[in-house]
Amino acid sequence: MAEERRGAWFGFGFCGFGQALGSGGGRQVHSPEPLRAPGAGLDVCRVSASWSYTAFVTRERPPSGAIPTPALGACPAPSPASSPPPAGGGGQVELSGFAVGAVGGCRDAWASEELLVVLRAGPGPGAGTELQAWAPGSALRGEPLWAQTVPEAEREDGPGGDETQAGPLPLLPCARAYVSPRPPFYRPLAPTLRARRLELGAEHALLLDAAGQVFSWGGGRHGQLGHGTLEAEPEPRLLQALQGLTMAEVAAGGWHSLCVSEAGDIYIWGWNESGQLALPTKSLAEDGKTTSEASGLNEDGSEVKRVAGGEDGAPTPFIAVQPFPALLDLPLGSDAVKASCGSRHTAVVTRTGELYTWGWGSSTDVTVRLTALGYQK
């Protein structure tokens, strides 16, 4: 295999619809494979994966001698309204998988099964940045389901005020609102939150603010909010269990949550049905010989269940729900820097460039082993 350039993208997992760009469909990708963007002039700068399709934001590589492209992960900003980018130019969104299509003039995209959201230059002079919501099966043709012009980041008031550095979608560039896959699509945030990053699960939301504090709201029936109960929260609520700790990353799975501190520590909570918390699961405890089950609560509020049939005949404990953030140690004391959650699995990248994954592994197998893949940054 030819040597991969530094900063290349890799894909792995279920690829029955061809979700990994350039990989073909109808197969499982069991270990990371490099993504192959169509056309030698395209360069992937952001990836947003849903279950049946993936959205890739690309930029056009300049010809030899031209100004170099931005660093990895930096997608093009909208072009000036007086000179909108051509449809095939930098900032193009490419869809691969069950949903296909492409559209130009984009700076970001966010994929979900219900909705595909793109941020792109407005349709005319002075139009600014436009948020568009599309049906994934529309192939990005015709008119979007919904569109709205959104403001850019605002500068903080007072001495030393600076722009709010908003993260990618679903948080909007103004850091004062986010987009939801279900109506109302545009949802404002309280200005006092000063959002830096926002992640959406199946029923809940996580927000990281400029001070490194974490807020959660939405459904809580699987403990995914981290407040120690299974109750829903209609408005953003500060995670008291993490106060005094500065967080650098947040990630939301279907019904579980994770954050990474500035020191590289991992805190994880919510549903553990498939081992997505890297805690003991029912499937491992049973080992195929379950005869009875009992349940109770730990002092920290986690729901601990026991099944009969251990090697010594004693009940084997497992964790079904963890309603408070739990500190998770990686092998060899590794520090985390990045994290991402799928519906029922979790992935973390360390400072030394190792990727650890755990949780649901396939349609027929559940694994909670921490798997290390040695791909360097």
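Leaving aside its neighbours within four places in sequence, which residues is H222 in contact with? In this predicted model, the list runs L230, W255, G270, W271 and V321. H222 itself sits in a loop, the one between β15 (214-218) and β16 (233-238). Its relative accessible area comes out at 14%, and because buried means under 20%, H222 counts as buried.

Now for the strands. There's an open sheet of four strands here, ordered β7-β8-β9-β10, and the pairing is antiparallel. At the edges you'll find β7 (106-111) and β10 (146-150); each has a single partner strand, so one side of each goes without a neighbour in the sheet. Going from one strand to the next, the twist averages 15 degrees. For background, strands of a sheet pair through backbone hydrogen bonds, in either a parallel or an antiparallel way.

| Strand pair | Bridges | Residues standing opposite |
|---|---|---|
| β7 (106-111) and β8 (116-121) | five bridges | W110 and V117 |
| β13 (195-200) and β14 (204-209) | five bridges | A195 and D209 |

Definitions and conventions
Residues are numbered from 1 along each chain as its sequence is written. This is a predicted model: local features need pLDDT of at least 70, side-chain atom pairs count only at pLDDT 80 or more; totals for chains, interfaces and linings use all residues. Side-chain values use heavy atoms; hydrogens and water are left out. Two strands pair if DSSP finds at least two bridges between them. Helices (H or I, at least four residues) and strands (E, at least two) are DSSP runs, numbered from the N terminus. Buried means under 20% relative accessible area, exposed over 50%, partly exposed in between (1.4 Å probe, protein chains only). Contact means heavy atoms within 4.5 Å. Axes are lines fitted to C-alpha atoms, for helices over the stretch in contact, and angles run from 0 to 180 degrees between N-to-C directions.
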